[in-house]
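I opened my notebook for a new structure today. Here is what I looked up, entry by entry.

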Amino acid sequence: MTWSLFKFAFIAAAVVFLLIFCAIVLPPVLVSGDLAGAFAAGFVNPYASGYSSDVLACWVILAAWIAYEAKVHQICHGRICALLGIIPGVAVGFALYLLLRMRQLNDRDK
């Protein structure tokens with residue numbers, strides 16, 4: 001695959017997730033105004049708890065990776081991606097970080 005196909009796949013996955021997140025999560029949160037309750041709802045049963053725990057673990061791994069690469073490879077602005085990994089979600093933060101990282105490494109190689 002060429003870089004442009006990877007770039008498209010990253011952006012497409014992030015946008016699809018963001019649209020689904022906005023359509024499913026935002027309306028009830030806006031009505032209730034209970035952000036903490038919305039977060040806690042991800043742990044309502046063992047199955048949801050398993051998926052939510054996986055997402056939280058993925059975010060911790062992403063944040064550690066971003067911190068590591070900021071020191072080792074001087075990748076800038078990764079913290080923004082870590083914040084986007086919290087809200088709206090890891091899919092958006094991870095996709096954006098991969099794009100940011102690839103662009104900075106490609107620019108450095110030129």
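Entry 1: Is Ala13 buried or exposed, or does Ala13 fall in between? I found Ala13 partly exposed, with a relative accessible area of 46%. My cut-offs: buried means under 20% relative accessible area, exposed means over 50%, and partly exposed is in between (1.4 Å probe, protein chains only). Ala13 sits in helix H1.

**Entry 2: ground rules.** I am working with a predicted model, where local features need pLDDT of at least 70 and side-chain atom pairs count only at pLDDT 80 or more, while totals for chains, interfaces and linings use all residues. Residues are numbered from 1 along each chain as its sequence is written, and side-chain values use heavy atoms, with hydrogens and water left out.

**Entry 3: the overall picture.** I counted 6 helices and 0 strands. Helices (H or I, at least four residues) and strands (E, at least two) are DSSP runs, numbered from the N terminus. Along the principal axes, the C-alpha atoms fill a box of roughly 50 × 25 × 25 Å. Of the 110 residues, 24% are buried.

**Entry 4: the salt bridge.** Which side chains meet in a salt bridge? I found Arg101 and Glu69, at 2.6 Å from N to O. The term needs a side-chain nitrogen of Lys or Arg within 4 Å of a carboxyl oxygen of Asp or Glu. The structure holds 1 such bridge. Arg101 is in helix H6 and Glu69 in helix H4, so I noted a link between distant parts of the chain, 32 residues apart. Arg101 counts as partly exposed at 21% relative accessibility, whereas Glu69 is buried at 3%. A reminder to myself: side chains of opposite charge can pair when their charged atoms come close.

**Entry 5: aromatic rings.** How many aromatic pairs does a search of the whole structure find? I got 5. Rings of Phe, Tyr and Trp (its six-membered ring) pair if their centres lie within 6.5 Å; planes under 30 degrees apart count as stacked, over 60 as edge-to-face and the rest as tilted. The Trp65 and Phe94 rings have centres 6.0 Å apart and planes at 50 degrees, so I wrote the pair down as tilted. Because Trp65 lies in helix H4 and Phe94 in helix H6, the pair ties together parts 29 residues apart in sequence. Trp65 is partly exposed at 28%, and Phe94 is partly exposed at 34%. Together with Tyr97, these two form one aromatic cluster.

**Entry 6: the nonpolar core.** A nonpolar core is a set of buried Ala, Val, Leu, Ile, Met, Phe, Trp, Tyr and Cys residues joined through side-chain atoms within 4.5 Å. The largest one here has 8 residues, among them Leu62, Ile75, Cys81 and Leu100. Tyr97 from my aromatic entry belongs to this core too. Helices H4, H5 and H6 each supply at least two of its residues. Which helix gives the largest share? I found H6, with 3 residues.
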